[in-house]
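Morning, everyone. Please look at the model on the screen while I talk.

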Amino acid sequence: FKSAFLNPMHDEVRLYPNVRNQIESVIEKYGVANVETVNYSNGGLLGHYANREFGIPGTSFDPVTGMRQLGDWYKGMRAPMEYVRTTTTPIAMGPMQNVFERTSAGVAPRNTKITTIAPLPGSRGQMAQGSSVNDEGRGPVATFENLIDAHSIDQFVDTEDRPTTRKLAS
């Protein structure tokens, strides 16, 4: 996780040296038309990479995104890709999504859908007044813990549909 944030271009092959070989093996076995990715957090880099390099569609939950992913959004993805995040403080995806939305003149990226949902009630991502940053006067450690809670996979796990608050799709 730390190396993803210290790698501004998010060079997936450097972070995960075997990823290309693994994807090529899966494509050889099943065919690219029969492969799809589902990923979370730092795995979002790999799903994004599989889409950019091989045209594999996928879904990413609160993925880590950086400058390379931002550039890909401007160009458009090769295959359909959905990014799902919550309305809590988005430490993984939010900064690049905000930059894209403010610089793209309202044009949605090709083959890309970004969905923002409310966090699952009762999950660690559900914070007071809808904010994920509430250090309760305990300082930076508590703030960091709240940010990590806001990034918890728990907020995506549910058996019922929840209303979306915004969709940006092409």
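**Cores and aromatic rings**

Let's start with Thr59. Thr59 is buried, at a relative accessible area of 15%. Buried means under 20% relative accessible area, exposed means over 50%, and partly exposed is in between, with a 1.4 Å probe and protein chains only.

A word on the source. This is a predicted model, where local features need pLDDT of at least 70, side-chain atom pairs count only at pLDDT 80 or more, and totals for chains, interfaces and linings use all residues. Residues are numbered from 1 along each chain as its sequence is written, and side-chain values use heavy atoms, with hydrogens and water left out.

Back to Thr59. It sits in strand 2, residues 58–61. Strands are DSSP runs of E, at least two residues; helices are runs of H or I, at least four; both are numbered from the N terminus. Which residues is Thr59 in contact with, leaving aside its neighbours within four places in sequence? They are Glu36, Thr37, Val38, Asn39, Met81, Glu82 and Val84. Contact means heavy atoms within 4.5 Å.

Met81 takes us to the largest nonpolar core. That core has 9 residues: Leu70, Trp73, Met77, Met81, Tyr83, Met93, Met96, Phe100 and Ile114. A nonpolar core is a set of buried Ala, Val, Leu, Ile, Met, Phe, Trp, Tyr and Cys residues, joined through side-chain atoms within 4.5 Å. Which elements give two or more residues to this core? Helix 5 (67–75), strand 3 (81–86) and helix 6 (94–103).

Take Met96. Leaving aside neighbours within four places in sequence, Met96 is in contact with Thr65, Gly66, Met67, Leu70 and Trp73.

There is also a second, separate core of 7 residues. Ile23, Val35, Phe54 and Ile56 are among them.

Now the rings. Rings of Phe, Tyr and Trp (its six-membered ring) pair if their centres lie within 6.5 Å; planes under 30 degrees apart are stacked, over 60 edge-to-face, the rest tilted. By this rule there are 4 aromatic pairs.

One of them is Tyr49 with Phe54, edge-to-face, 6.2 Å centre to centre and 75° between the planes. Tyr49 is buried at 3% relative accessible area. Phe54 is buried at 15%.

Another is Trp73 with Tyr83: edge-to-face, 5.3 Å centre to centre, 75° between the planes. Trp73 lies in helix 5 and Tyr83 in strand 3, so this pair ties together parts 10 residues apart in sequence. Trp73 is buried at 0%, and Tyr83 is buried at 1%. Trp73, Tyr74, Tyr83 and Phe100 form one aromatic cluster.
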